[in-house]
Amino acid sequence: MIKVAIITGITGQDGAYLAQLLHSKGYRVIGLIRSYSHINFKGLEYLKLKDKVELLECDLADLSQVMSIIKEYNPNEIYNLAAQSSVSLSFRQPIGTIQFNILSVLNLLEAIRMLNPECRFYQASSSEVFGEAKLPIKETSGINPISPYSISKASAHWITKNYRDSYGLFSCSGFLFNHESYLRSDNFFIKKVILQAIKIKNGEAETLEVGNIDIKRDFGWAPKYVEAMYLMLQQPHADDYLICSNHSVSLRSIIEYVFNYLNISLDCLVINEKYFRPTEIIDIYGDNTKAKAKLGWEYEMSFYDVLTILINEEIENGK
């Protein structure tokens, strides 16, 4: 029997790569989108998936719509990747971020509980929920969100755990640390740096303006990270996992690597305090021991190797 998987946020970076992975494994892949009128097909087209997945409009904030789709398609697995996922934007739009990122999870889990309790559920959580914590961060680390975005993701995680503990659902959270690819949206840091650096290289811009770049993050390669999502739902028992590289690198070193790779002078770099966040995590990296041991997930990539891939992919596709 062909397995059916529903992916919310299928047009995003992770959704597209996850759709590619599941399709390669023979799944019938159904993607939920907010509206056909505002859909961005870039990722699905880039991975040649546009005609291989089914897209349905669904407002995840509307329980009746969610229930209707789950009742009709009876999925084996649901991967909830839809969210307002920008930390910076969440400070400007805290109410909308918190409302959607929490209510969507509640509606999906409640619909599963009532209509299809055998369905397995993956919730995309975030390393941001841990805030300033003792390093390296582990699954047992305390949760201490410091932004509207991380508050919403922390709440969604506890809801997911509660439905697992209280109702016996196979529901789990993946705490993914920063992960990048060519399909990353232009408003994310790595993508902005690379695109602007290429413009400087081509004489189309003079400077790169950034905020606080003396912070460190744990970055990885998105196509490998979605493999861990899939593996979580194939286990005999539901559990939560950190997906990370085990290392952090400074944003400054990332910029220096990109500029050096493209032979650009660091004089083009401008620090602008208007881009500083109200609160900031100085350094964060995780321990992926549990994911490697229990999921059989493998990850050994240096982020500088990932940067090389990203730069060359941008140059190739910009021709």
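Predicted model: local features only at pLDDT ≥ 70, side-chain atom pairs only at ≥ 80, totals over all residues.
**Aromatic pairs**

Altogether, the structure has 11 aromatic pairs. Y79 and Y122 form a tilted pair, because their ring centres sit 6.1 Å apart and their planes meet at 45°. What does this pair tie together? Y79 belongs to strand β4 (residues 77–80) and Y122 to strand β5 (residues 120–126), so the pair links parts that are 43 residues apart in sequence.

Now look at Y257 and Y261. Their planes are at 20° and their ring centres are 6.2 Å apart, so this pair counts as stacked. Both residues sit in helix α9, four residues apart, or about one turn of the helix.

**Helix packing**

To describe two packed helices, you give the angle between their axes and the distance between the axes.

| Helices | Angle | Axis distance |
|---|---|---|
| α7 (residues 189–201) and α9 (residues 251–261) | about 30° | 10 Å |
| α5 (residues 94–115) and α6 (residues 148–167) | roughly 15° | within 8 Å |

An angle under 35 degrees counts as roughly parallel. That's why α5 is roughly parallel to α6, and α7 and α9 are therefore roughly parallel to each other. As for handedness, α5 passes α6 in a right-handed crossing, and the crossing of α7 and α9 is right-handed.

So who touches whom? On the α7 side you'll find F189, I190, V193, I194, A197 and I200, which meet L251, I254, I255, V258 and F259 of α9. Sorted by class, the contact of α7 with α9 has 11 nonpolar residues, no polar ones and no charged ones.

Over at α5 and α6, the crossing is right-handed. Among the contact residues on the α5 side are P94, N101, E110 and R113, while α6 brings in residues including P148, Y149, S152, Y163 and Y167. By class, the contact of α5 with α6 divides into 13 nonpolar, five polar and two charged residues.

Definitions and conventions:
Residues numbered from 1 in each chain as written. Heavy atoms only, no water. Axes fitted to C-alpha atoms, helices over the stretch in contact; angles between N-to-C directions. Helix = DSSP H or I, 4+ residues; strand = E, 2+ residues; numbered from the N terminus. Parallel < 35°, antiparallel > 145°, perpendicular 65-115°, else oblique. Left-handed = near helix turned anticlockwise from the far one by under 90°. Contact = heavy atoms within 4.5 Å. Nonpolar A, V, L, I, M, F, W, Y, C, P; charged D, E, K, R; others polar. Phe/Tyr/Trp six-rings, centres within 6.5 Å; stacked < 30°, edge-to-face > 60°.
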